[in-house]
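Hello,

Here is the structure I promised to pass on to you. Please open it next to this email, and then read on for what I found in it.

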Amino acid sequence: MRLTPDNGYVVVTGAGGGLGRALARGFCQRGFAVAGLGRRLDTLAETGADHSLFHPVQVDVHKVQRISYYLLSFECFFSSAAYIFEAG
């Protein structure tokens, strides 16, 4: 199945800066809901400042249990996901 904005979302780690920020913004501009994961809420807020489809998730990506909790909450709304790990 091909992931589209109508049937899925994108998860980007390192979304608070660099490549992760660029990827998160790019997917938002293409109409995808994006769960942007990062350690600092202030930098995540900068990433999503102009993107209503961006959902900041402050979490240490090395703590798997917390990530699983957040991903499950997104899966309640979408049928598919694309995951981009260690982007930042």
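Let's begin with Asp 6, which sits in the segment before strand 1 (8-13). Keep in mind that this is a predicted model. Is Asp 6 buried or exposed? Its relative accessibility is 77%, and because exposed means over 50%, Asp 6 counts as exposed. Now look for Gly 31: along the chain it is 25 residues from Asp 6, yet the two C-alpha atoms are separated by 8.6 Å.

Next, follow the chain into strand 1. This strand is mostly covered, with six of its six residues buried. Gly 8, Val 10 and Val 12 point one way, while Tyr 9, Val 11 and Thr 13 point the other way.

Strand 1 has a parallel partner in strand 2, and five bridges join them. To find the pairing on screen, look for Tyr 9, which stands opposite Ala 33 in strand 2. Between these strands comes helix 1 (residues 18-29), and the three elements together make a right-handed β-α-β unit.

At 1.5 Å a residue, its 12 residues should span 16 Å, and the C-alpha atoms at its ends are 17 Å apart, so the two values agree. Which residues of helix 1 are buried? They are Gly 20, Arg 21, Ala 24, Gly 26 and Cys 28. These buried residues pack against strand 1, strand 2, helix 2 and strand 3.

Now for the next part of the chain. Strand 2 (residues 33-38) runs parallel to strand 3 (residues 54-58), and five bridges join this pair as well. The chain gets from strand 2 to strand 3 through helix 2 (residues 41-47), in a β-α-β crossover that is right-handed.

The loop between strand 2 and helix 2 holds Arg 40, which is partly exposed at a relative accessible area of 49%. The side chain of Arg 40 makes a polar contact of 2.7 Å with the side chain of Asp 42. Arg 40 also lies 9.7 Å from Gly 14, C-alpha to C-alpha, although 26 residues separate them in sequence.

The other residue is Thr 47, in helix 2. With a relative accessible area of 1%, Thr 47 is buried. Its side chain makes a polar contact of 2.8 Å with the side chain of Arg 21. Beyond its neighbours within four places in sequence, Thr 47 touches Ala 15, Gly 16, Arg 21, Ala 24, Arg 25 and Phe 54.

Finally, step back to the whole chain. How many helices and strands does the chain have? There are three helices and four strands, and from the N terminus they run β-α-β-α-β-α-β. Of the 88 residues, 40% are buried. Among contacts with a separation of 6 or more, 50% are between residues 24 or more positions apart. The chain exposes about 5,300 Å², and carbon and sulfur atoms supply 55% of that area.

Enjoy exploring!

Technical notes. Residues are numbered from 1 along each chain as its sequence is written. This is a predicted model: local features need pLDDT of at least 70, side-chain atom pairs count only at pLDDT 80 or more; totals for chains, interfaces and linings use all residues. Side-chain values use heavy atoms; hydrogens and water are left out. Two strands pair if DSSP finds at least two bridges between them. Helices (H or I, at least four residues) and strands (E, at least two) are DSSP runs, numbered from the N terminus. A crossover is right-handed if, with the strands pointing away from the viewer, the path from the first strand over the helix to the second runs clockwise. Buried means under 20% relative accessible area, exposed over 50%, partly exposed in between (1.4 Å probe, protein chains only). The expected span of a helix is 1.5 Å times one less than its number of residues. Contact means heavy atoms within 4.5 Å. A polar contact is a pair of N or O atoms within 3.5 Å; within protein, one must be able to donate a hydrogen and the other to accept it, and residues adjacent in sequence count only if both atoms are side-chain atoms. Accessible areas come from the Shrake-Rupley method with a 1.4 Å probe; for residues, only the protein chains shown count as cover.
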